[in-house]
Amino acid sequence: MVVTTAKWTIEDYHRMIAAGILDNRCVELLQGEIIEMSPEGEPHAYFSSEAGEYLTGLLGDRATIRPAKPITLANNSEPEPDIAIVQRLGREYLNHHPYPQNIFWLIEYSDSSLEKDLEMKTKIYAEAEIPEYWVVNLRKRQLIVFRDPQDGEYASKSTLTGGTIYPVAFLDIAVAVDLIVSS
């Protein structure tokens, strides 16, 4: 017996949100499937908040830091990364969430969601050609950096525990890894 999962479009998902069907549910749309999001533990909430403030100070008016807000991708995905570093488009975001061309890079903080963030979301973001994706492994206090999306995968992956990293979109900005992984 073959089981086929009903897939949802972004438009379907938005209609469900507007109708209140998903009220009080922490979910995101990934490849046409509505997926429950893991609750944030204290370390997750703390580190992502601190990193968001740190990045806001570093980038100033060069980018907008969107914490835990949706982004819209063409592969029927509307994930809510912990931090999205996006173009400053102001009121344009009243009409749409950031699209891939508006995104500089994304950051996910992971503990119980580590497998999903390293496998499923890495593929989704690479397919959407998000230029850079960081996963913070809260268990090991590591920053896993994915870059150079090619053919639905990231060609470059590195793991950092300290030092400095220069985001692809802002090669003149030095980001202290310690302030991202263990503020």
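**Notebook: a walk through the predicted model**

I started with valine 86, which sits in strand 4 (helices, H or I with at least four residues, and strands, E with at least two, are DSSP runs numbered from the N terminus). The model is predicted, so I kept to its cut-offs: local features need pLDDT of at least 70, side-chain atom pairs count only at pLDDT 80 or more, and totals for chains, interfaces and linings use all residues. Residues are numbered from 1 along each chain as its sequence is written, and side-chain values use heavy atoms, with hydrogens and water left out.

**Valine 86**

Buried or exposed? Valine 86 is buried, at 0% relative accessibility (buried is under 20% relative accessible area, exposed over 50%, partly exposed in between, with a 1.4 Å probe and protein chains only). I looked up its contacts (heavy atoms within 4.5 Å), leaving aside neighbours within four places in sequence, and found Ala63, Thr64, Arg66, Tyr93, Pro98, Asn102, Ile103 and Phe104.

**Cores**

Next I went to the largest nonpolar core, which has 25 residues (a core is a set of buried Ala, Val, Leu, Ile, Met, Phe, Trp, Tyr and Cys residues joined through side-chain atoms within 4.5 Å). Which members touch the most others? Leu55, Ile85 and Ile180 do. Helix 2, strand 4 (83-86), strand 5, strand 6 (132-137), strand 7 (142-150) and helix 4 (177-181) each give at least two residues to this core. Helix 2 has the largest share, with five residues. Another core, of 20 residues, lies apart from this one, and I noted Ala84, Ile103, Tyr125 and Phe146 among them.

I then checked isoleucine 180 by itself. Beyond its neighbours within four places in sequence, isoleucine 180 contacts Ala51, Tyr54, Leu55, Tyr109, Trp134, Val136, Leu143 and Val175.

**Helix 1**

In helix 1 (residues 10-19) I found Ile10, Asp12, Tyr13 and Met16 buried. Down the helix axis these buried residues fall within an arc of 160°, so they line one face (the arc is that of the directions from the axis to the C-beta atoms). They pack against strand 1 (27-30) and strand 2 (33-36). Arg15, Ala18 and Ala19 are exposed on the face turned away from the buried side. Glycine 20 follows helix 1, with a positive phi near 85°.

**Aspartate 117**

Aspartate 117 is in helix 3, and I have it down as buried, with a relative accessible area of 1%. Leaving aside neighbours within four places in sequence, its contacts are Glu108, Tyr109, Ser110, Thr122, Tyr133 and Val135.

Most residues other than glycine have a negative phi. Arginine 141 has a positive one, near 55°. I placed arginine 141 in the loop between strand 6 and strand 7, partly exposed at 33% relative accessible area. Aspartate 151 also has a positive phi, of about 50°. Aspartate 151 belongs to the loop between strand 7 and strand 8 (153-160), and is exposed at 81%.
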